[in-house]
Amino acid sequence: MKKFTCREIMNGEGGCDEVFEAETAMDITKQSSGHFMSSTDEAHKPMRDMMTSRPSQEEQKKWWDWFNGEWSKKEDA
Ligand SMILES: [Zn+2]
């Protein structure tokens, strides 16, 4: 099990202190996407925009590669 804060998932570009816990990077992504899509504030806008702007496969892959790198660096909680 690993823990990520909303802020970490957003790479420090906004977000909040909400914590997500999951066994896989994919599960964190699923949990956090619900959180981002239900947000309405400026702090979450960059992520919300990214998710609603139908990013290209290349953009999605770039984010996913970045997040997987963060995931593997993270200690098990
Ligand atoms: Zn948040």
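This is a predicted model: local features need pLDDT of at least 70, side-chain atom pairs count only at pLDDT 80 or more; totals for chains, interfaces and linings use all residues.

Reply: Residues are numbered from 1 along each chain as its sequence is written.

Me: OK, what does the secondary structure of the chain come to?

Reply: The chain has 4 helices and 2 strands, where helices (H or I, at least four residues) and strands (E, at least two) are DSSP runs numbered from the N terminus. Starting from the N terminus, the order of the elements is β-α-β-α-α-α. The chain is as compact as a globular protein of that length, because its radius of gyration is 12 Å, close to the 11 Å from the globule rule for 77 residues. That radius is taken over C-alpha atoms, and the rule is 2.2 Å times the number of residues to the power 0.38.

Me: Switching to helix α2, which residues are buried there?

Reply: In α2, the buried residues are I28, S32 and F36, and buried means that 20 or more other C-beta atoms lie within 10 Å of the residue's own, whereas exposed means 12 or fewer and partly exposed is in between, with C-beta atoms placed from the backbone. These three cover an arc of only 65° around the axis, which puts them on the same side of α2; the arc is that of the directions from the helix axis to the C-beta atoms.

Me: And which ones are exposed on the other side of α2?

Reply: On that other side, K30, G34 and M37 are exposed.

Me: What covers the buried residues of α2?

Reply: The cover includes β1 (2–5), α1 (6–9), β2 (19–22) and α3 (45–52), if we count two residues as in contact when their C-beta atoms, placed from the backbone, lie within 7 Å.

Me: New topic: where is R54 found, and is R54 buried or exposed?

Reply: R54 sits in the loop between α3 and α4, and R54 counts as exposed because it has 8 C-beta neighbours inside 10 Å. Phi of R54 is near 45°, a positive value in a residue other than glycine.

Me: What about N11, where is that one found?

Reply: N11 lies in the loop between α1 and β2, and its phi, near 55°, is a positive value in a residue other than glycine. With 14 C-beta neighbours inside 10 Å, N11 counts as partly exposed.
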